[in-house]
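Subject: Handover of a structure and the findings made in it

Dear colleague,

Please find below the sequence and the structure that I am handing over to you. The findings follow directly after them, and I would ask you to read the two side by side.

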Amino acid sequence: MPIFEKSSEKAVTRAILSEFSKDMERFADTEVLIVGGGPSGLLAARDLALKGVNVLILEKNNYLGGGFWVGGFFMNTITIRAPAHKVLDEIGIKYREFEKGLYVTPGPYACGKLIAAACEAGAGVLNMTMFDDVVLRENNRVAGAVINWSPVTFLPKAINCVDPIAIESKVVIDATGHDASVVRKLEDRGLIKTPGFGAMWIEKSEDAVVEQTGIAHPGLVVIGMAVSTTFGLPRMGPTFGSMLLSGRKGAEVALEMLKSE
Ligand code: 48H
């Protein structure tokens with residue numbers, strides 16, 4: 001007696017293809033497009049999806065999580081400063097207090113839980129997909145993203161002549177970390193000027209990132225480490241509380257933008 005139910009190669013191929021095309025139909029017109037699936041993007045996606053928003057995470061790697069897998073210097077411990085540990089409570093991520101107000105948890109465990117939380121809340125994911133350019137509308141409002149398969153962008157120029165496609169979105173969130181890829185694209189077009197992130201100063205940077213999280217350009221919200229790059233704030237090193245709280249604030253800002261449409 002075989003263990004598994006009867007199937008075929010063609011059924012498996014059709015199952016994958018038909019689910020992917022249904023997903024893409026939904027993704028082509030999203031309410032909020034989050035570029036980058038690191039800690040800030042994942043928490044923003046979870047919060048928005050829990051509010052019933054049609055939200056898509058675009059990620060250039062095959063895996064989500066960004067820098068949240070590793071605490072720093074290839075060592076797994078993630079550090080979080082109060083009050084961001086309350087987000088860990090909400091998601092069911094266990095942690096220990098290392099010293100007053102400084103909490104520790106293993107990166108692979110915390111990252112896996114955060115990814116699951118975003119997906120369970122209903123966020124869509126398009127991985128192995130590179131943000132390539134912005135879609136602009138009247139008064140240079142950001143209204144979506146031009147995207148391509150990540151492998152295409154890594155092919156030698158001579159054989160990578162594959163046109164991208166575009167996704168329309170009411171709000172775009174730049175959660176691409178140090179690169180601030182969406183903001184940088186606006187800079188390439190002469191629409192914005194970014195100083196780049198400053199030197200490390202944990203005490204200043206975490207508050208500043210959360211405070212300056214918000215609208216960087218019409219239609220575009222910036223969150224996480226991309227806030228430091230956009231506004232020239234000091235970096236915080238391998239501690240992630242501000243990434244989570246910035247993601248949360250970015251989701252609130254995006255919701256307000258959707259309401260005022
Ligand atoms: C599609 C892209 C593209 C693109 C990038 O770096 P991340 O983890 O980002 P944050 O801001 O959520 O968290 C930053 C944190 O991990 C960190 O590095 C800290 C706190 N550093 C402090 C310091 O001092 O250095 O994730 C960004 C994600 C990644 O998964 C990228 O692969 C993805 O965005 N991404 N996806 N198209 N063009 N660019």
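Helices (H or I, at least four residues) and strands (E, at least two) are DSSP runs, numbered from the N terminus.

Before the other findings, a note on the origin of the values. This is a predicted model, in which local features need pLDDT of at least 70 and side-chain atom pairs count only at pLDDT 80 or more, whereas totals for chains, interfaces and linings use all residues. Residues are numbered from 1 along each chain as its sequence is written, and side-chain values use heavy atoms, with hydrogens and water left out.

Backbone features

Most residues other than glycine have a negative phi, and most peptide bonds are trans. The peptide bond that joins Ala82 and Pro83 is cis, with omega at about 10 degrees.

Two residues other than glycine have a positive phi: Phe74, with a value near 60 degrees, and Asn139, with a value near 55 degrees. Phe74 belongs to the loop between strand S2 (55–58) and S3, and Asn139 to the loop between S7 and S8. Are these residues buried or exposed? Phe74 is exposed, as its relative accessible area is 82%, and Asn139 likewise counts as exposed, at 73%. In these terms, buried means under 20% relative accessible area, exposed means over 50%, and partly exposed lies in between (1.4 Å probe, protein chains only).

The ligand and its surroundings

Which residues come nearest to the ligand? Of the 27 residues around the ligand, these are Ser40, Glu59, His178, Arg235 and Gly237. A residue is counted as near a molecule or strand if one of its heavy atoms lies within 4 Å of it.

An N or O atom in the side chain of Arg235 is 2.7 Å from a ligand oxygen.

On its own, the ligand has 800 Å² of accessible area, of which the protein covers 92%. Such areas come from the Shrake-Rupley method with a 1.4 Å probe; for residues, only the protein chains shown count as cover. Helix H2 (39–50) and strand S7 (129–136) are the elements that give two or more residues to the shell around the ligand. S7 gives the most, with 3 residues.

Helix H6

In helix H6 (residues 181–188), the buried residues are Val182, Val183, Leu186 and Glu187. Why do the buried residues of H6 line one face of the helix? Seen down the axis of H6, they fall within an arc of 150 degrees, so they line one face. The arc is that of the directions from the helix axis to the C-beta atoms. Just after H6, Gly190 has a positive phi of about 75 degrees.

Strand S2 holds Ile57 and Leu58. Ile57 counts as buried, at 0% relative accessibility, and so does Leu58, at 2%. Computed along the sequence, Ile57 and Gly41 are 16 residues apart, while their C-alpha atoms are 7.4 Å apart in space. Leu58 and Gly124 are 66 residues apart in sequence, with 8.6 Å from C-alpha to C-alpha.

Strand S8 (residues 142–149) contains Asn148 and also Val146. Asn148 is buried, with a relative accessible area of 10%, and its side chain reaches the backbone oxygen of Val162 at 3.0 Å. Val146 counts as buried at 16% relative accessibility. The C-alpha atoms of Val146 and Gly237 are separated by 31 Å, and the two residues are 91 apart along the chain.

With kind regards

Technical notes
Polar contact = N/O pair within 3.5 Å; in protein donor to acceptor, adjacent residues only side chain to side chain.
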